Amino acid sequence: MRLGILASHGGSNMQAIIDATRQGEIPAEVVVVIGNNAGAMAATRARDAGIPFHHLSGKTHPEFAELDTEIASVLSDAGVDLVMLAGYMKKVGPRTIARFPNRIVNIHPALLPKFGGVGMFGARVHQAVLDAGEEVTGVTVHLVDQEYDRGPIVAQCEVKVQEGDDVETLAARVLEREHAFYVETLGRIVSGELDLDTLN
Ligand code: GRF
(Lines give C-alpha, C1' and ligand atoms only; values in the text may rest on other atoms or scores of the structure.)
Protein backbone atom coordinates (compact mmCIF):
# COMPACT_ATOMS: atom_id res chain seq x y z
CA MET A 1 0.00 0.00 0.00
CA ARG A 2 1.31 3.41 -0.98
CA LEU A 3 0.91 6.06 1.71
CA GLY A 4 0.76 9.83 1.44
CA ILE A 5 1.19 11.81 4.64
CA LEU A 6 0.00 15.34 5.41
CA ALA A 7 1.80 16.90 8.36
CA SER A 8 2.19 20.42 9.73
CA HIS A 9 4.57 20.39 12.66
CA GLY A 10 6.60 17.84 14.56
CA GLY A 11 5.85 14.81 12.45
CA SER A 12 6.48 12.30 15.22
CA ASN A 13 3.49 10.21 14.16
CA MET A 14 4.74 10.35 10.59
CA GLN A 15 8.15 9.17 11.79
CA ALA A 16 6.57 6.23 13.60
CA ILE A 17 4.85 5.21 10.36
CA ILE A 18 8.02 5.61 8.28
CA ASP A 19 9.98 3.53 10.79
CA ALA A 20 7.38 0.75 11.01
CA THR A 21 7.07 0.42 7.25
CA ARG A 22 10.83 0.47 6.71
CA GLN A 23 11.39 -2.11 9.40
CA GLY A 24 9.04 -4.38 7.50
CA GLU A 25 6.40 -4.34 10.24
CA ILE A 26 3.75 -3.31 7.72
CA PRO A 27 3.75 -3.96 3.95
CA ALA A 28 3.34 -0.31 3.04
CA GLU A 29 5.53 2.57 1.95
CA VAL A 30 5.37 6.33 2.55
CA VAL A 31 5.79 7.70 -0.97
CA VAL A 32 5.07 11.40 -0.49
CA VAL A 33 4.73 13.94 2.30
CA ILE A 34 2.82 17.21 1.98
CA GLY A 35 3.12 19.99 4.53
CA ASN A 36 1.83 23.54 4.83
CA ASN A 37 4.90 24.62 6.75
CA ALA A 38 8.21 24.41 4.86
CA GLY A 39 10.30 24.89 7.99
CA ALA A 40 8.55 22.26 10.09
CA MET A 41 10.29 19.31 11.66
CA ALA A 42 7.96 17.13 9.57
CA ALA A 43 9.63 18.49 6.41
CA THR A 44 13.08 17.75 7.81
CA ARG A 45 12.06 14.24 8.79
CA ALA A 46 10.68 13.56 5.29
CA ARG A 47 13.85 14.83 3.63
CA ASP A 48 16.05 12.88 6.03
CA ALA A 49 14.10 9.76 5.07
CA GLY A 50 14.54 10.52 1.36
CA ILE A 51 10.80 10.93 0.84
CA PRO A 52 9.63 13.69 -1.53
CA PHE A 53 8.26 16.63 0.47
CA HIS A 54 5.89 19.15 -1.09
CA HIS A 55 5.29 22.50 0.56
CA LEU A 56 1.72 23.38 -0.34
CA SER A 57 -0.04 26.11 1.58
CA GLY A 58 -1.87 29.41 1.41
CA LYS A 59 1.53 30.89 0.52
CA THR A 60 2.09 28.70 -2.52
CA HIS A 61 -1.61 28.67 -3.48
CA PRO A 62 -3.58 31.66 -2.13
CA GLU A 63 -6.84 30.28 -3.54
CA PHE A 64 -8.04 27.39 -1.38
CA ALA A 65 -9.63 25.59 -4.37
CA GLU A 66 -6.31 25.66 -6.22
CA LEU A 67 -4.48 24.41 -3.18
CA ASP A 68 -6.99 21.60 -2.81
CA THR A 69 -6.59 20.66 -6.48
CA GLU A 70 -2.82 20.65 -6.21
CA ILE A 71 -2.83 18.50 -3.07
CA ALA A 72 -5.14 15.99 -4.78
CA SER A 73 -2.87 15.98 -7.86
CA VAL A 74 0.34 15.45 -5.92
CA LEU A 75 -1.20 12.53 -4.04
CA SER A 76 -2.65 11.02 -7.22
CA ASP A 77 0.59 11.46 -9.18
CA ALA A 78 2.44 9.62 -6.41
CA GLY A 79 0.02 6.72 -6.76
CA VAL A 80 -1.17 7.04 -3.18
CA ASP A 81 -3.68 4.44 -1.93
CA LEU A 82 -4.18 5.82 1.58
CA VAL A 83 -3.75 9.37 2.86
CA MET A 84 -2.74 9.72 6.50
CA LEU A 85 -3.04 13.03 8.35
CA ALA A 86 -0.43 13.25 11.07
CA GLY A 87 -0.70 16.53 12.91
CA TYR A 88 -2.05 18.30 9.82
CA MET A 89 -3.59 21.54 11.02
CA LYS A 90 -5.41 22.58 7.86
CA LYS A 91 -8.70 21.58 6.40
CA VAL A 92 -8.63 18.95 3.68
CA GLY A 93 -10.54 20.27 0.68
CA PRO A 94 -13.51 18.69 -1.09
CA ARG A 95 -11.54 17.76 -4.20
CA THR A 96 -9.00 15.80 -2.22
CA ILE A 97 -11.77 14.11 -0.25
CA ALA A 98 -13.61 13.27 -3.50
CA ARG A 99 -10.41 11.88 -5.05
CA PHE A 100 -9.79 9.58 -2.08
CA PRO A 101 -13.22 8.46 -0.86
CA ASN A 102 -12.94 6.64 2.49
CA ARG A 103 -9.17 6.68 2.07
CA ILE A 104 -8.13 9.61 4.28
CA VAL A 105 -7.54 8.99 7.97
CA ASN A 106 -6.61 11.31 10.81
CA ILE A 107 -5.36 10.76 14.35
CA HIS A 108 -6.79 12.78 17.23
CA PRO A 109 -5.42 12.81 20.79
CA ALA A 110 -8.71 12.15 22.61
CA LEU A 111 -11.74 9.89 22.54
CA LEU A 112 -13.93 11.47 19.85
CA PRO A 113 -16.66 12.62 19.66
CA LYS A 114 -15.59 14.18 22.94
CA PHE A 115 -12.90 16.87 22.85
CA GLY A 116 -12.86 17.40 19.10
CA GLY A 117 -13.90 19.99 16.56
CA VAL A 118 -12.77 23.48 15.63
CA GLY A 119 -10.09 24.84 17.95
CA MET A 120 -9.56 21.51 19.69
CA PHE A 121 -5.93 20.74 19.00
CA GLY A 122 -2.68 20.36 20.86
CA ALA A 123 -2.63 21.36 24.52
CA ARG A 124 -6.23 22.57 24.36
CA VAL A 125 -7.50 19.03 24.00
CA HIS A 126 -5.64 17.79 27.05
CA GLN A 127 -6.55 20.88 29.08
CA ALA A 128 -10.23 20.27 28.29
CA VAL A 129 -9.90 16.62 29.33
CA LEU A 130 -8.35 17.67 32.65
CA ASP A 131 -10.90 20.46 33.20
CA ALA A 132 -13.71 17.98 32.65
CA GLY A 133 -12.25 15.70 35.30
CA GLU A 134 -12.10 12.73 32.94
CA GLU A 135 -10.49 9.59 34.30
CA VAL A 136 -9.83 8.20 30.87
CA THR A 137 -8.79 9.85 27.62
CA GLY A 138 -7.27 8.22 24.58
CA VAL A 139 -6.58 8.19 20.88
CA THR A 140 -8.96 8.13 17.93
CA VAL A 141 -8.23 7.26 14.31
CA HIS A 142 -11.09 8.39 12.11
CA LEU A 143 -11.99 8.96 8.48
CA VAL A 144 -11.71 12.53 7.29
CA ASP A 145 -14.70 14.32 5.86
CA GLN A 146 -15.61 17.98 5.47
CA GLU A 147 -15.96 18.66 9.18
CA TYR A 148 -13.13 18.69 11.69
CA ASP A 149 -12.93 15.50 13.74
CA ARG A 150 -16.35 14.28 12.64
CA GLY A 151 -15.76 11.39 10.21
CA PRO A 152 -16.57 7.78 11.12
CA ILE A 153 -14.33 6.29 13.78
CA VAL A 154 -11.88 3.67 12.53
CA ALA A 155 -10.34 2.70 15.88
CA GLN A 156 -9.88 4.01 19.41
CA CYS A 157 -7.77 3.16 22.41
CA GLU A 158 -7.87 4.42 25.97
CA VAL A 159 -5.18 6.16 28.00
CA LYS A 160 -5.71 6.62 31.74
CA VAL A 161 -5.53 10.09 33.21
CA GLN A 162 -3.25 9.77 36.23
CA GLU A 163 -3.44 11.62 39.48
CA GLY A 164 -1.25 14.71 39.31
CA ASP A 165 -1.29 14.81 35.50
CA ASP A 166 -0.90 18.22 33.94
CA VAL A 167 -1.23 19.10 30.27
CA GLU A 168 2.41 18.26 29.57
CA THR A 169 2.48 14.85 31.22
CA LEU A 170 -0.86 13.86 29.75
CA ALA A 171 0.02 15.10 26.26
CA ALA A 172 3.31 13.20 26.33
CA ARG A 173 1.66 9.94 27.43
CA VAL A 174 -1.08 10.23 24.80
CA LEU A 175 1.42 11.09 22.04
CA GLU A 176 3.52 8.06 22.86
CA ARG A 177 0.41 5.90 22.64
CA GLU A 178 -0.52 7.57 19.35
CA HIS A 179 2.70 6.43 17.73
CA ALA A 180 2.05 2.77 18.50
CA PHE A 181 -1.67 2.98 17.86
CA TYR A 182 -1.46 4.72 14.47
CA VAL A 183 1.01 2.08 13.32
CA GLU A 184 -1.14 -0.75 14.72
CA THR A 185 -4.28 0.66 13.08
CA LEU A 186 -2.48 1.10 9.77
CA GLY A 187 -1.44 -2.53 9.97
CA ARG A 188 -5.06 -3.58 10.44
CA ILE A 189 -6.13 -1.45 7.46
CA VAL A 190 -3.39 -2.83 5.22
CA SER A 191 -4.19 -6.43 6.20
CA GLY A 192 -7.88 -5.87 5.45
CA GLU A 193 -8.92 -6.57 9.02
CA LEU A 194 -10.34 -3.04 9.13
CA ASP A 195 -12.48 -2.19 6.10
CA LEU A 196 -12.68 1.56 5.59
CA ASP A 197 -15.62 1.17 3.22
CA THR A 198 -17.94 -0.32 5.79
CA LEU A 199 -17.63 2.26 8.58
CA ASN A 200 -20.40 4.60 9.57
C1 GRF B 1 -0.83 14.54 17.55
O2 GRF B 1 -1.22 14.69 18.90
C3 GRF B 1 -2.05 14.25 16.71
O4 GRF B 1 -3.02 13.50 17.35
C5 GRF B 1 -2.60 15.61 16.43
O6 GRF B 1 -1.46 16.43 16.28
C7 GRF B 1 -0.35 15.87 16.98
C8 GRF B 1 0.74 15.71 15.99
O9 GRF B 1 1.97 15.36 16.55
N10 GRF B 1 -3.50 15.59 15.31
P11 GRF B 1 3.17 14.99 15.55
O12 GRF B 1 3.26 16.10 14.54
O13 GRF B 1 2.83 13.68 14.92
O14 GRF B 1 4.39 14.92 16.41
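Colleague: Why are α5 and α6 called roughly perpendicular to each other?

Modeller: In this predicted model, the axes of α5 (residues 123-131) and α6 (residues 167-191) cross at roughly 110°. Angles of 65 to 115 degrees count as roughly perpendicular (under 35 is roughly parallel, over 145 roughly antiparallel, the rest oblique), so the two helices are roughly perpendicular. The axes also come within 9 Å; they are lines fitted to C-alpha atoms over the stretch in contact, with angles from 0 to 180 degrees between N-to-C directions.

Colleague: What makes the crossing right-handed?

Modeller: The near helix is turned clockwise from the far one by less than a right angle, and that's how α5 passes α6.

Colleague: Which residues of α5 meet α6?

Modeller: Ala 123, His 126, Gln 127, Val 129 and Leu 130 in α5 meet Val 167, Leu 170, Ala 171 and Val 174 in α6, contact being heavy atoms within 4.5 Å. They divide into 7 nonpolar, 2 polar and no charged.

Colleague: In what sense do β6 and β7 pair?

Modeller: Antiparallel, over 7 bridges, against the at least two required. Val 136 stands opposite Lys 160 in β7.

Colleague: What are the ground rules?

Modeller: Numbering starts from 1 along each chain as its sequence is written. Local features need pLDDT of at least 70, side-chain atom pairs count only at pLDDT 80 or more, totals for chains, interfaces and linings use all residues, and side-chain values use heavy atoms, leaving out hydrogens and water.

Notes. Helix = DSSP H or I, 4+ residues; strand = E, 2+ residues; numbered from the N terminus. Nonpolar A, V, L, I, M, F, W, Y, C, P; charged D, E, K, R; others polar.
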